[in-house]
Amino acid sequence: MSRPLIGITAYFEAARWGDWVREAVLSPPSYAKAVERAGGAPVVLPPLGPHAIDDYVRGLRGVVLAGGVEMGAGAYGAEQDERVPEPQAHRDRFELALARAAVRADVPILAIARGMHVLNVAQGGTLIPWLPEVLDHERHGEPGGTHVIQVSVSSKLGKAIGDRVEVVAPHAQSVRRLGSGLLAVAWADDQIVEGIELQGHRFGVGVQWHPERGGDNRLFDAFVEAAR
C-alpha cells in the first residue's frame, strides 16, 4: 500500500550553513518523523502566497498545521498585545487559507499548538491573546511544566489517546470563542480548551500540546489512517 502524502506547514527563518546566513524554510524534523512512523510520506509546505493552495489540497491526503510563533491578533479582529511576539503575517495568511481549503475538501487535518489556533480562527473563532491575563496562575506558560488533560471519550481524539493524558504544552494563547462547526473535546483542570474537533469532517483535530514529541505516536497513527 502506498504511503499517503502529508503536508506539514513550515516557516521562514534565518538559518546558517557553512559561511552562509540566509532565509530558509524551516520545520522541526519531529513532525516529519512522526508522520513517517505512522505510515505517511511527509512533505514540507513553505508559507508562500495562496496561489498554490488548491493544488496542495488536491495533491495531499492530509495536512499538519504545525506549531510556531503566536498568531497575530488582527487575524481574528483583535488588537495586538504588546507582550506577544511579533506575528508572522505571511504565515498566518497562508495557513488560514490552507486550513479553509482543507476543511472544504474534507482533507484530514491535524492541528498542533499554534495550528489549533489557526484552525479555530479559520472557522471564525477567536483567541485569548495573552492567557496569563485571564488566569490566576501561569502554569500554562511554564516551559517544562506538565498538566493532565481530560479528553472526551466519544471524540476522535479520545478514541485515539484515551480519556486522560499528561502533556507538556507551554502556551501564551488559547481558544476563546470556538469557530463554526468546532467542538471542545479536551480541557485542562482550569477549563482552558486543550483540544478541538471539527464536526462532520473526516478528521479535523486540533490539540494544544505537541504529540510529535516523545514516544506516543497514537494520534499521528489515527490521523494517517484517516488520510488513507
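Analyst: A nonpolar core is a set of buried Ala, Val, Leu, Ile, Met, Phe, Trp, Tyr and Cys residues joined through side-chain atoms within 4.5 Å. Keep in mind that this is a predicted model.

User: Okay, which residues have the most contacts inside the largest nonpolar core?

Analyst: Val 64, Leu 157 and Trp 209 do, in a core of 32 residues. Helix α6, residues 218-227, gives the most to this core, with six residues. There's also a second, separate core of 30 residues, and Leu 60, Leu 65, Ala 102 and Met 116 are among its members.

User: What does Val 64 touch, leaving out residues up to four places away in sequence?

Analyst: Quite a list: Ile 6, Gly 7, Ile 8, Thr 9, Tyr 31, Val 35, Leu 110, Ile 112, Phe 220 and Phe 223.

User: What makes Glu 95 and Arg 91 a salt bridge?

Analyst: The cut-off is a side-chain nitrogen of Lys or Arg within 4 Å of a carboxyl oxygen of Asp or Glu. For Glu 95 and Arg 91 the closest N and O atoms are 2.4 Å apart, so the pair qualifies. Both residues lie in helix α3 (residues 89-105), four residues apart, about one turn of the helix.

User: Why is Glu 95 called buried?

Analyst: Buried means under 20% relative accessible area. Glu 95 has 0%, so Glu 95 is buried. Arg 91 comes out at 0% too, so that residue also counts as buried. The pair belongs to a network of salt bridges linking Arg 91, Asp 92, Glu 95 and Arg 114.

User: How do you know that Asp 106 and Arg 202 meet in a salt bridge?

Analyst: Their N to O distance is 3.7 Å, and the limit is 4 Å, so the pair passes. Asp 106 lies in the loop between α3 and β6, while Arg 202 is in the loop between β12 and β13, so the pair ties together parts that are 96 residues apart in sequence.

User: What about Asp 216 and Arg 218: what makes them a salt bridge?

Analyst: The N to O distance is 2.8 Å, which is within 4 Å, so they count. Asp 216 is partly exposed at 34%, and Arg 218 is partly exposed at 38%. By this rule the count comes to eight salt bridges.

User: Why are α3 and α4 called roughly perpendicular?

Analyst: The label covers angles of 65 to 115 degrees. These two helices pack at about 65°, with their axes 9 Å apart, so they are roughly perpendicular to each other. α3 passes α4 in a right-handed crossing. Residues making the contact include Leu 96, Ala 99 and Val 103 of α3, and Val 118, Leu 119 and Ala 122 of α4.

User: Last one: why does Pro 85 count as partly exposed?

Analyst: Pro 85 has 38% relative accessibility, and that falls between the 20% and 50% cut-offs, so partly exposed is the label. Pro 85 is found in the loop between β5 and α3. Not counting residues up to four places away in sequence, Pro 85 touches Val 69, Glu 70 and Gln 80. Leu 98 is 13 residues from Pro 85 in sequence and 23 Å from Pro 85 in space, C-alpha to C-alpha.

How values were computed. Residues are numbered from 1 along each chain as its sequence is written. This is a predicted model: local features need pLDDT of at least 70, side-chain atom pairs count only at pLDDT 80 or more; totals for chains, interfaces and linings use all residues. Side-chain values use heavy atoms; hydrogens and water are left out. Buried means under 20% relative accessible area, exposed over 50%, partly exposed in between (1.4 Å probe, protein chains only). Contact means heavy atoms within 4.5 Å. Axes are lines fitted to C-alpha atoms, for helices over the stretch in contact, and angles run from 0 to 180 degrees between N-to-C directions. Angles under 35 degrees count as roughly parallel, over 145 as roughly antiparallel, 65 to 115 as roughly perpendicular and the rest as oblique. A crossing is left-handed if the near helix is turned anticlockwise from the far one by less than a right angle, and right-handed if clockwise.
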